[in-house]
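Subject: Handover of a structure for your study

Dear colleague,

Please find the structure below, together with its sequence. My notes on it follow, and I would ask you to read them with the model open.

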Amino acid sequence: MGVQAVADALAQPELWIAAFAGGAFGAALGALPAFIFTGFMVLIGESANILKAELAGAGLIGADAFTVGITGSIAFGPVFGPHISFAGGAAAAAYAARKGYMDTGFDYHEAKNIAHALGTKPDVLVVGGLFGILGMIVRQVSFGFAMPWDPIAMGVVLSAVFHRLILGYSIIGTVRGRSIFDMDPFETEEMRQTAEGGEVVADGGVVQKERLKVEPWLPHQYKWSGVAMIGLTVGILAAYVAVTTGSYFLAFGISATSLLFLNCGVEQIPVTHHISLPASTAALAIVPAAEAVPMVPALLVGAAFGISGALTGEVIQRIFYAHSDTHFDPPAAAIVVNTFFIAVLAMAGVLPQAGWVPLP
């Protein structure tokens with residue numbers, strides 16, 4: 001770990017080339033559809049790993065009979081790694097909106113429309129590819145220096161900060177409620193007139209679009225009580241899945257795949273991967289590696305981290321999403337914060353281990 005590890009990783013030209021292609025592909029599909037494919041790949045990869053462990057445990061195959069790398073190399077690698085494909089897609093949407101390419105009738109700023117596929121426009125794909133490379137670099141630096149959080153989620157977060165800075169968007173936006181946490185203007189449907197995308201019209205002005213003064217990340221998932229309740233529910237379920245299968249990531253894959261319904265327009269579908277990943281990780285971290293995990297304590301820990309993940313995501317969306325013009329991903333930021341909590345608890349000796357979370 002350290003400078004040499006980062007230098008060795010970044011010295012691989014195939015990683016740069018693949019990251020560019022992954023970011024461009026994420027832009028072509030759209031950030032959210034690309035992330036849903038991440039979920040499918042995690043489900044496939046973790047299911048294969050669980051099957052391998054079951055067969056090896058039954059003595060039907062040797063422990064080294066075959067290697068399954070779908071989760072690490074495909075789901076979390078250059079093809080569908082969120083720090084590459086999702087982050088590249090989000091940056092490409094911000095660019096396309098700035099250029100006036102997007103006119104979908106989206107309720108919020110077009111740059112927030114991460115469900116929209118951006119197709120084959122070359123400059124848009126190049127932007128996605130460049131931000132795919134940026135996400136790869138952030139991940140390699142974070143992992144190489146063993147920074148105590150999820151390096152992939154940190155790639156998503158910092159990519160969003162950079163696309164706002166580079167493309168001329170505000171980091172937080174203009175707060176139009178009583179405070180940065182105030183969602184009342186959304187509930188009362190208070191509107192504002194904005195220059196959407198900077199598209200110039202014949203009289204020298206810009207196209208005006210009426211937008212809500214405050215735009216919560218999920219209109220059906222922002223009230224504190226509901227957020228906490230879905231955190232409790234999914235946290236328990238994620239811990240149960242983790243303890244039953246031994247997989248840190250299977251519950252995350254289930255959560256990510258469920259977003260297919262949201263992308264298809266099914267109303268009220270909650271977003272939960274920032275709940276399930278910290279919950280399943282913490283549940284398996286309550287005992288030393290290779291020891292049997294007691295179910296009830298794991299469920300209680302999962303519930304606590306589920307609530308923490310959900311509420312952290314809500315705090316972050318109120319600061320970085322609701323008042324801004326581009327997509328800043330609350331789940332990725334919540335995963336960074338809550339995996340940092342897990343790492344701190346492990347370093348302090350409260351948890352015997354941190355699971356997959358890097359420790360310095």
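A residue is called buried when its relative accessible area is under 20%, exposed when that area is over 50%, and partly exposed in between (1.4 Å probe, protein chains only). Leu260 is therefore classed as partly exposed, with 34% relative accessibility.

The model is a predicted one, in which local features need pLDDT of at least 70 and side-chain atom pairs count only at pLDDT 80 or more, while totals for chains, interfaces and linings use all residues. Numbering starts from 1 along each chain as its sequence is written, and side-chain values use heavy atoms, with hydrogens and water left out.

The nonpolar patch

Leu260 lies in helix 10; helices (H or I, at least four residues) and strands (E, at least two) are DSSP runs, numbered from the N terminus. Together with Phe37, Phe40, Phe261 and Val266, Leu260 makes a nonpolar surface patch of about 420 Å². Such a patch consists of residues with over 30% relative accessible area and no salt bridge, where nonpolar side chains (Val, Leu, Ile, Met, Phe, Trp, Tyr) are joined within 5 Å. At least two residues of the patch come from each of helix 3 (31–57) and helix 10 (250–263).

Salt bridges

Side chains of opposite charge can pair when their charged atoms come close. A salt bridge here is a side-chain nitrogen of Lys or Arg within 4 Å of a carboxyl oxygen of Asp or Glu, and the structure holds 8 of them. One of these joins Lys112 to Glu215, at 2.8 Å from N to O. Lys112 sits in the loop between helix 5 and helix 6 (122–144), and Glu215 in the loop between strand 2 (206–212) and helix 9 (224–245), so that the pair links distant parts of the chain, 103 residues apart. Both Lys112 and Glu215 are buried.

Arg178 takes part in two further pairs: with Asp182, where the closest N and O atoms are 3.2 Å apart, and with Asp184, at 2.3 Å from N to O. Arg178 counts as exposed because its relative accessibility is 69%. Asp182, at 7%, counts as buried, whereas Asp184, at 33%, counts as partly exposed. Elsewhere, salt bridges that share partners join Lys112, Arg192, Arg211, Glu215 and Asp325 into one network.

The cavity

How many cavities of 30 Å³ or more does the structure hold? There is 1. A cavity is a set of points on a 1 Å grid over the protein atoms alone, where a 1.4 Å probe fits but cannot get out; its lining residues have an atom within 4 Å of a point. The space in the largest cavity is about 50 Å³. Helix 5 (85–98) and helix 7 (151–167) are the elements that give two or more residues to its lining, and helix 7 has the largest share, with 4 residues. Among the lining residues are Phe86, Val156, His163 and Asp329.

Two backbone angles

Finally, please look at two residues other than glycine with positive phi. Gln268, in the loop between helix 10 and helix 11 (273–284), has a phi near 70°. Ala290, in the loop between helix 11 and helix 12 (295–320), has a phi of about 80°. Gln268 counts as exposed because its relative accessibility is 56%; Ala290 is likewise exposed, at 87%.

With kind regards

Terms used:
1 Å grid on protein atoms, 1.4 Å probe; cavity = no way out; pocket = protein on both sides within 12 Å on 5 of 7 lines; lining within 4 Å. Points joined across faces, edges and corners; volume = space filled by probe spheres on them. Patch = residues over 30% accessible without salt bridge, like charges linked within 9 Å, V, L, I, M, F, W, Y side chains within 5 Å. Areas by Shrake-Rupley, 256 points an atom, 1.4 Å probe, with all protein chains shown as cover.
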